[in-house]
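Here is a short tour for anyone opening this one for the first time. Keep the sequence and the 3D view side by side as you read.

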Amino acid sequence: MSTTVEPVQNLYQVSGAVIKPPQLTHSPAGISHLRFVLEHLSEQIEAGLPRRSYVRIVVVLSGEVATQWAKELNVGTAVHVSGFLNRIEDKNGIGKLVLHAQQLVKI
């Protein structure tokens with residue numbers, strides 16, 4: 001008997017506004033990384049009742065597009081981001097979720 005394992009999905013989409021100035025950096029390998037903080041506010045329905053949703057997440061956009069977007073994004077820019085979530089640890093060893101953008105659209 002053969003069983004097929006479905007690939008594990010890690011896809012997250014969110015719209016919001018850039019709330020901290022984007023920072024463009026380069027890895028030792030020369031890869032560009034644009035890092036910014038996105039804030040999302042909305043009302044969602046949960047169990048038939050309205051619930052306020054508030055998300056603040058670090059977004060990282062890597063590759064050649066990072067340099068192009070660095071010129072386009074400013075504090076207050078509204079965007080829709082889709083990509084995958086990954087865990088990082090800050091310098092104090094505290095884990096945080098980061099959204100690695102695979103698609104970014106101004107709205």
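## The overall layout

Follow the protein chain along its sequence and you get the pattern β-β-β-β-α-β-β. That makes one helix and six strands, where helices (H or I, at least four residues) and strands (E, at least two) are DSSP runs, numbered from the N terminus. This is a predicted model, so local features are given only at pLDDT of at least 70 and side-chain atom pairs only at pLDDT 80 or more, while totals for chains, interfaces and linings use all residues. Residues are numbered from 1 along each chain as its sequence is written, and side-chain values use heavy atoms, with hydrogens and water left out.

Of the 107 residues, 26% count as buried; buried means under 20% relative accessible area, exposed over 50%, and partly exposed in between (1.4 Å probe, protein chains only).

Contacts (heavy atoms within 4.5 Å) also reach along the sequence. Among those with a separation of 6 or more, 51% come from residues 24 or more positions apart.

## How confident is the model?

The mean pLDDT of the protein chain is 94, and 97% of its residues reach 70 or more. This score is the predictor's confidence in each residue, from 0 to 100. As a reading tip, where pLDDT is low, the predicted coordinates should not be read in detail.

## A hairpin and a turn

Have a look at strand 2 (residues 23-26) and strand 3 (residues 32-46), which pair in the antiparallel sense over four bridges. Two strands pair if DSSP finds at least two bridges between them. T25 stands opposite H33 in strand 3. The two strands form a hairpin with five residues between them, and G30 in the turn has a positive phi of about 90°.

Further along, A47 is in the loop between strand 3 and strand 4. A47 also has a positive phi, near 55°, in a residue other than glycine. Buried or exposed, then, for A47? A47 is exposed, with a relative accessible area of 79%.

## A buried spot around V79

V79 is in strand 5 (residues 78-89). V79 counts as buried because its relative accessibility is 0%. Leaving out residues up to four places away in sequence, V79 touches V14, S15, G16, L38, L73, L104, V105, K106 and I107. V79 and D90 are eleven residues apart in sequence and 25 Å apart in space, C-alpha to C-alpha.

T77 is in the loop between helix 1 and strand 5, and T77 is buried too, at 14% relative accessible area. A polar atom of the T77 side chain lies 2.9 Å from the backbone oxygen of N74. With residues up to four places away left out again, T77 touches G16, A17, V18, E72 and K106.

## Charged pairs

Side chains of opposite charge can pair when their charged atoms come close. How many salt bridges does a search of the whole structure find? The search finds five, each being a side-chain nitrogen of Lys or Arg within 4 Å of a carboxyl oxygen of Asp or Glu.

One of them joins R56 and E39, with the closest N and O atoms 2.8 Å apart. This pair links distant parts of the chain: R56 sits in strand 4 (residues 49-62) and E39 in strand 3, 17 residues apart. Another joins E72 and K106 (3.3 Å, N to O). E72 is partly exposed at 40% relative accessible area, and K106 is partly exposed at 40%.

K96 and D90 also meet in a salt bridge (4.0 Å, N to O). K96 counts as partly exposed at 43% relative accessibility, and D90 counts as partly exposed at 25%.

Definitions and conventions
Polar contact = N/O pair within 3.5 Å; in protein donor to acceptor, adjacent residues only side chain to side chain.
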